[in-house]
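Please have the sequence and the structure open while reading.

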Amino acid sequence: MLVGANLLRRLLRSQLSADDGGTGFIITAIHHLRPQYSTTTEFSDEGNSENKKESKWFTLPPFAKTVSASELGAKLARKNHLKSATSAETSAYKTTALKWVLKCCPELPRNLVQKLFRLRQVRRESIAMEVTDDGCQVQKIQLKRVGAKDSLNIGDKIFLPISVREVPEEKHEHDCTNEESNFIRSLELYKDTAIIVLNKPPGMPVQGGIGIKWSLDELAAAWLRYDYSESPRLVHRLDRDCSGILVMGRTQMSAAILHSVFREETLGASKHDSDNEKRVLQKRYWALVIGSPRRPKGTISAPLRKVVVDDGKSDRITVFEHNNTILSSQRAITEYRVIKTSTHGFTWLELSPLTGRKHQLRVHCAEVLGTPIVGDYKYGWQAHRRLQNLAESDLRKNSNEKVAKENMLPFGLNMDSGSILEKQLRLHLHCREMILPNVSQVLQNPKSFTDDDLSKLKSLEIVAPLPSYMQKSWDILNS
């Protein structure tokens, strides 16, 4: 009866694991999961059937009904009518093995998890009936290989090699001084349990790459995690020379929800949904442009495409004029209004992008309105040639401002130089204000979040002050 005793022990252990948190909404760091679900159990492994040796496996919580981040994001963006209630309910009970592993173990690098699946080292628990020598039927737990795209059923357990416990946590160490780390934390505009909002400085890229020493995503991972096991994740992007509001999700779930909100708002704008009151996500940029639009406000709907120039050495975005053949991915819509005009030939604009195409605001200002943004030499170089002597003209004579001295900040940043008084102009484009749904409120009880709760959901309104050189330009033109 040894088989029966072992089976009972397994069932009790399985039940205890389920009671410890195997159901419900799970966003748990791997170091929280390890003491609850790490087991040393004798299983029959189909990959090692020669002799039944004791195998050690890292056990994930049983798959349970979960909240779909994309559907919750669509609901927040009030686009949940795009899917039927039946399909939404059904999808809550389905996921793939890869998604479940990434959900339960957010600290495991994605490429490592994918490699485990490729090497066929991930198992799923399976129960089979066997007949013993004395003719009794007993249940036998087997571990069978599972593919990354295989669907899971409610209650399925996934087993990873115990070696994942030995994988060192991803460290984001940088040789930063206290001044540099304090500078990164000084960029915070808002923080709650779900998101961190930064006032991105101009000149710092948001993502790393070839030739980039410092990027905001890496610095945030090193200095803005606080007591979280996960690193902040980018939700959207800003150009390197652009400044202003940058939203980062503090967990995998919050970032995925906001990704969905941004995506749904872009899709909705492509269908000409221009009712501000219906948009839960609103972005407002301030830009100083050369010249003045013909109308004080309006909506630009001009599709964009990328073209290669300089014999393939570089590329640029331009307006796509063939309206009968445009794709949805090329649609670009921007609302604008004049904030203030100047007698010196400059205009302050408020720009509200309803879609999120690369260089959308810069191209719409330069090619559609005919008013390129100050400091945008890529799309407004001809207009800037005419402004070459402006810094030494009557604009400076009428101003009490002095040209800024080099005031270097950490990471080689300088936010003082580049105003309209200087020969070398900086890009005057700043994400000034953003209204977005309060995701932290939703994540308090995501399963019970209904359409009725949507009307009670409070929005977050974030405002970012201008960088020094743009503030100086504002003061000069208002003096």
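The sections below cover the basis of the model, the ring pairs and the charges over rings.

## Basis

This is a predicted model, in which local features need pLDDT of at least 70 and side-chain atom pairs count only at pLDDT 80 or more, while totals for chains, interfaces and linings use all residues. Residues are numbered from 1 along each chain as its sequence is written, and side-chain values use heavy atoms, with hydrogens and water left out.

## Phe183 and Phe411

Rings of Phe, Tyr and Trp (its six-membered ring) pair if their centres lie within 6.5 Å; planes under 30 degrees apart count as stacked, over 60 as edge-to-face and the rest as tilted. The count by this rule is five aromatic pairs. One of them is the tilted pair of Phe183 and Phe411, at 6.3 Å centre to centre with 50° between the planes.

Phe183 belongs to helix 7 (residues 178-186), and Phe411 to the loop between helix 12 (394-397) and strand 17 (429-437), 228 residues apart. Helices (H or I, at least four residues) and strands (E, at least two) are DSSP runs, numbered from the N terminus. Phe183 and Phe411 are both buried, that is, under 20% relative accessible area (1.4 Å probe, protein chains only). Ring pairs join Phe183, Trp214 and Phe411 in a cluster.

## Trp286 and Trp474

The Trp286 and Trp474 rings are stacked, because their centres are 5.5 Å apart and their planes at 25°. Trp286 is in strand 11 (residues 282-290) and Trp474 in helix 15 (residues 468-478), so the pair ties together parts 188 residues apart in sequence. Trp286 counts as buried at 15% relative accessibility; Trp474 is buried at 17%.

## Charges over rings

A charge sits over a ring if NZ of Lys or CZ of Arg is within 6 Å of the ring centre and within 35 degrees of the ring normal. Arg432 lies over the face of Trp286, 4.6 Å from the ring centre. Arg250 lies over the face of Tyr228, at 3.8 Å.

Terms used. Buried means under 20% relative accessible area, exposed over 50%, partly exposed in between (1.4 Å probe, protein chains only).
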